[in-house]
Amino acid sequence: MKIAVRATDRGCTVNEWQVLAWLGLHRNVVGLRHAATTEEYHYLVLQYAAGGDLRTYLHHHRPLPEKEVKYIFKQLLRGVQVSDIAHS
């Protein structure tokens, strides 16, 4: 299994690791595998997203065909729905 490690400043008001922990494992959300904290940073061990982030994908593949836009939008809505359920 490939992973990605991300370091975030501890000064953030909402910790990304807490949000990912709330969402749990869902196919539309990158999975949090482990979190560690030092005096300065939060380190997140995440499931590796081989396709990269959406912003970069959109930048390199525009304009997108309508069919692909619908697919991406549907995936985004499913992720939002999961986050809404997790915060209920």
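Colleague: Which residue in β3 is the bridge partner of Thr37?

Modeller: The bridge partner of Thr37 in β3 is His42. This is a predicted model, in which local features need pLDDT of at least 70 and side-chain atom pairs count only at pLDDT 80 or more, whereas totals for chains, interfaces and linings use all residues. Residues are numbered from 1 along each chain as its sequence is written, and side-chain values use heavy atoms, with hydrogens and water left out.

Colleague: How many bridges join β2 to β3?

Modeller: Strands are DSSP runs of E with at least two residues, numbered from the N terminus, and two of them pair if DSSP finds at least two bridges between them. Here five bridges join β2 to β3, and the two strands run antiparallel. A hairpin of three residues connects β2 to β3. Thr37 belongs to β2, which spans residues 32-37.

Colleague: With which side chain does the side chain of Thr37 make a polar contact?

Modeller: A polar contact is a pair of N or O atoms within 3.5 Å; within protein, one must be able to donate a hydrogen and the other to accept it, and residues adjacent in sequence count only if both atoms are side-chain atoms. The side chain of Thr37 makes one with the side chain of His42, at 3.0 Å.

Colleague: Why does Thr37 count as partly exposed?

Modeller: Buried means under 20% relative accessible area, exposed over 50%, and partly exposed in between (1.4 Å probe, protein chains only). Thr37 counts as partly exposed because its relative accessibility is 44%.

Conventions
Helices (H or I, at least four residues) and strands (E, at least two) are DSSP runs, numbered from the N terminus.
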